[in-house]
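Dear colleague,

I am handing over the structure below, and my notes on what was found in it follow directly after. Please read them with the coordinates open beside you.

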Amino acid sequence: MTHGRQFGSGVIWWIKGVYRRLVRSVILLTITAAFLAGYAYSRDWLEVELHVTGSLEEAAMAADVPRSGTGLGVTGRGRAYGIFVTVSDFPGEDRNLPGHSGLARRVADAFIRARIMEREHAIILMDEQATPDAFREAVARQRLRLTREDLVIVYFATHGGENSLELYGGTSINESEIQTELAFLHAGQGLFIADACHSGSLDWAMPGRGEAGTLWHGLYSTGAASISYAEYFSNAIVELAPLLGRDDGDVTMEELLAGVQARTRSRLSSGMRLEMESNALGEGDAVLWRVSRPAVASRE
């Protein structure tokens with residue numbers, strides 16, 4: 001008598017068969033998926049997500065800082081605006097400053113290369129454009145643009161006297177007039193830069209905080225009673241501005257002064273150094289602007 005396979009054994013045999021087929025299918029699908037993923041990655045069809053190291057606070061701060069354009073360092077949300085004035089052609093014999101030709105544009109370009117200022121936010125006045133009236137008009141234009149989160153830079157390179165700067169055609173602007181104009185620029189911070197003989201005598205050109213609340217800093221090529229040599233000071237700014245902030249992203253007034261002093265001193269003779277000593281007024285630890293730094297990424 002022949003007995004058929006028991007029902008219970010048949011069910012077990014069927015389940016085992018299904019299980020073996022399922023395992024083989026899973027293995028085959030896994031191998032196929034791995035192959036396809038590797039191929040897609042090699043063809044740049046697939047991107048691997050990178051997680052930036054650092055705290056959530058640091059990530060949020062980085063997200064708030066624009067990659068171009070900046071201003072008041074505390075927030076990093078502002079912009080930088082500038083007025084750049086240089087004179088190279090002067091009345092009188094042997095008074096021209098040929099190295100000042102185009103200098104205002106070079107200084108403005110340095111801040112643009114540093115990615116803290118857009119080209120359209122810089123007003124440049126050189127030689128016949130560098131008159132007291134043109135400077136006042138430039139102040140009026142920038143005044144309409146500025147907000148309380150912005151940084152405004154006002155730069156002069158010319159002949160200087162006690163408490164005054166010479167402009168084109170024998171005209172000049174004195175400390176009191178400069179202060180009056182700067183007081184109209186209601187930004188978060190202001191940076192007044194003077195490259196001229198006796199530029200340190202303009203230390204009262206910066207307005208006080210007053211009702212506007214703008215924090216002003218001054219950067220001068222010399223002291224009040226000393227002379228300035230050529231374009232050493234301005235060239236130091238041109239070279240330095242795009243390099244600042246690489247360590248921690250913050251550019252402070254103290255860092256700017258120290259950098260300009262170091263670059264200027266290295267090019268002056270010992271006798272010239274005694275006469276031309278860069279100096280500054282303001283808050284040394286104030287963050288003038290922030291710069292973007294590449295994030296350090298790690299796979300997680």
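**Contacts, cores and rings**

Leaving aside residues up to four places away in sequence, Leu219 touches Leu191, Phe192, Ile193, Ala194, Phe233, Ile237, Met253, Leu256, Leu257, Val260, Asn279 and Ala280. Please keep in mind throughout that this is a predicted model.

Leu219 is also one of the residues with the most contacts inside the largest nonpolar core, which has 40 residues; the others named in that group are Phe84, Phe111, Met117, Ile153, Ile193 and Trp289. Two or more residues of this core are given by each of β2, α3, β3 (117-126), β4, β8, α6 (232-240), α7 (253-265) and β12 (287-290), and the largest share, 7 residues, comes from α3. Apart from this core lies another, of 32 residues, which includes Ile83, Ala130, Val152 and Leu185. As a general background, nonpolar side chains in soluble globular proteins tend to be buried together.

Strand β8 (residues 189-195) deserves a separate paragraph. Because 7 of its 7 residues are buried, β8 is largely enclosed by the rest of the structure. In a regular strand the side chains alternate between the two faces of the sheet. Both faces of β8 are covered, with Gln189, Leu191, Ile193 and Asp195 buried on one side and Gly190, Phe192 and Ala194 buried on the other. As for its neighbours, β8 runs parallel to β4, to which 7 bridges join it, and it also pairs in the parallel sense with strand β9 (residues 215-220) over 6 bridges.

Turning to the aromatic rings, a search of the whole structure finds 6 aromatic pairs. One of them is formed by Phe84 and Phe111, a tilted pair with 6.2 Å centre to centre and 35° between the planes. Phe84 lies in strand β2 (residues 80-86) and Phe111 in helix α3 (residues 103-113), so this pair ties together parts that are 27 residues apart in sequence. Phe84 and Phe111 are both buried.

Phe84 also forms a tilted aromatic pair with Tyr155, again 6.2 Å centre to centre but with 45° between the planes. That pair links distant parts of the chain, from Phe84 in strand β2 to Tyr155 in strand β4 (residues 151-157), 71 residues apart. Tyr155 counts as buried because its relative accessibility is 0%. Together, Phe84, Phe111, Tyr155 and Trp289 form one aromatic cluster.

With best regards

Conventions: Residues are numbered from 1 along each chain as its sequence is written. This is a predicted model: local features need pLDDT of at least 70, side-chain atom pairs count only at pLDDT 80 or more; totals for chains, interfaces and linings use all residues. Side-chain values use heavy atoms; hydrogens and water are left out. Rings of Phe, Tyr and Trp (its six-membered ring) pair if their centres lie within 6.5 Å; planes under 30 degrees apart count as stacked, over 60 as edge-to-face and the rest as tilted. Helices (H or I, at least four residues) and strands (E, at least two) are DSSP runs, numbered from the N terminus. Buried means under 20% relative accessible area, exposed over 50%, partly exposed in between (1.4 Å probe, protein chains only). Two strands pair if DSSP finds at least two bridges between them. A nonpolar core is a set of buried Ala, Val, Leu, Ile, Met, Phe, Trp, Tyr and Cys residues joined through side-chain atoms within 4.5 Å. Contact means heavy atoms within 4.5 Å.
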